[in-house]
Amino acid sequence: MARLRPERLRAALDDQLIALGRTDEAPPPDARLEDAVVAAVLAAYDAGEEPVRSALRVTVRLLLERLATDFPGRSVEVRVPPYAAVQCVEGPRHTRGTPPNVIETDATTWIMLATGRTAWDEVRDRISASGERADLSSRLPVRPYR
């Protein structure tokens, strides 16, 4: 997955802050943009609102990238359609077709899991998981939310 450019992060952050009515906030430096976008999406959820699509997409991708960076490998594929998918976790590698360990969920569930707002067991009914390694409970939340 290609790294998100600062311009795209800033645009997603601006979209979400406008939707929240928080246009007076000073933009963070580029080094803090990732965390600021995630925080803005979480603020939308806290306010009982749906995040704007651009910020939701970026947040899903950022959190999936962090998972794949923290737990590199190709034995588990995590999918959050229609936004992104990553392969992670060391173990047997597959080369074609559907991997033996697949996890799929919706964007909101993924964000809540990845940030520690909910636990794996609490949302098991909203997660499709197949394979013996298809349980990320010991690997969530991702940094810096641990």
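Biologist: Is Thr118 buried or exposed?

Modeller: Keep in mind that we're looking at a predicted model. A residue counts as buried when its relative accessible area is under 20%. Thr118 comes in at 17% relative accessibility, so it counts as buried.

Biologist: Where is Thr118, and what does it touch?

Modeller: You'll find Thr118 in the loop between α4 (107-114) and β4 (127-130). Leaving out residues up to four places away in sequence, Thr118 touches Met112, Leu113 and Val123.

Biologist: Okay, on to helices. What should helix α1 span, going by its number of residues?

Modeller: Count 1.5 Å a residue. Helix α1 covers residues 6-20, which is 15 residues, so the span should be 21 Å.

Biologist: Which residues of α1 are buried?

Modeller: Leu9, Ala12, Leu13, Gln16, Leu17 and Leu20 are the buried ones in α1. Around the axis they cover an arc of only 130 degrees, which means they sit on the same side of α1.

Biologist: What covers those buried residues, and which exposed residues are on the face turned away?

Modeller: The cover includes α2 (33-46) and α3 (53-70). On the face turned away from the buried side, α1 carries the exposed residues Glu7 and Ile18.

Biologist: Now charges. How many salt bridges does the structure hold?

Modeller: The general idea is that side chains of opposite charge can pair when their charged atoms come close. This structure holds twelve salt bridges. One of them joins Arg5 and Glu7, with the closest N and O atoms 3.1 Å apart. Arg5 counts as exposed, at 55% relative accessibility.

Biologist: Which residue does Arg66 meet in a salt bridge?

Modeller: That's Glu34, at 3.4 Å from N to O. Arg66 lies in helix α3 and Glu34 in helix α2, so the pair ties together parts that are 32 residues apart in sequence. Arg66 is buried, with a relative accessible area of 5%, and Glu34 counts as buried too, at 18%.

Biologist: And what about Arg32?

Modeller: The side chain of Arg32 meets that of Asp35 in a salt bridge, 3.3 Å from N to O. At 48% relative accessibility, Arg32 counts as partly exposed.

Biologist: Which residues are linked in a network of salt bridges?

Modeller: Arg3, Arg32, Glu34, Asp35, Arg61, Glu65 and Arg66 are linked that way.

Terms used:
Residues are numbered from 1 along each chain as its sequence is written. This is a predicted model: local features need pLDDT of at least 70, side-chain atom pairs count only at pLDDT 80 or more; totals for chains, interfaces and linings use all residues. Side-chain values use heavy atoms; hydrogens and water are left out. Helices (H or I, at least four residues) and strands (E, at least two) are DSSP runs, numbered from the N terminus. The expected span of a helix is 1.5 Å times one less than its number of residues. Buried means under 20% relative accessible area, exposed over 50%, partly exposed in between (1.4 Å probe, protein chains only). The arc is that of the directions from the helix axis to the C-beta atoms. Contact means heavy atoms within 4.5 Å. A salt bridge is a side-chain nitrogen of Lys or Arg within 4 Å of a carboxyl oxygen of Asp or Glu.
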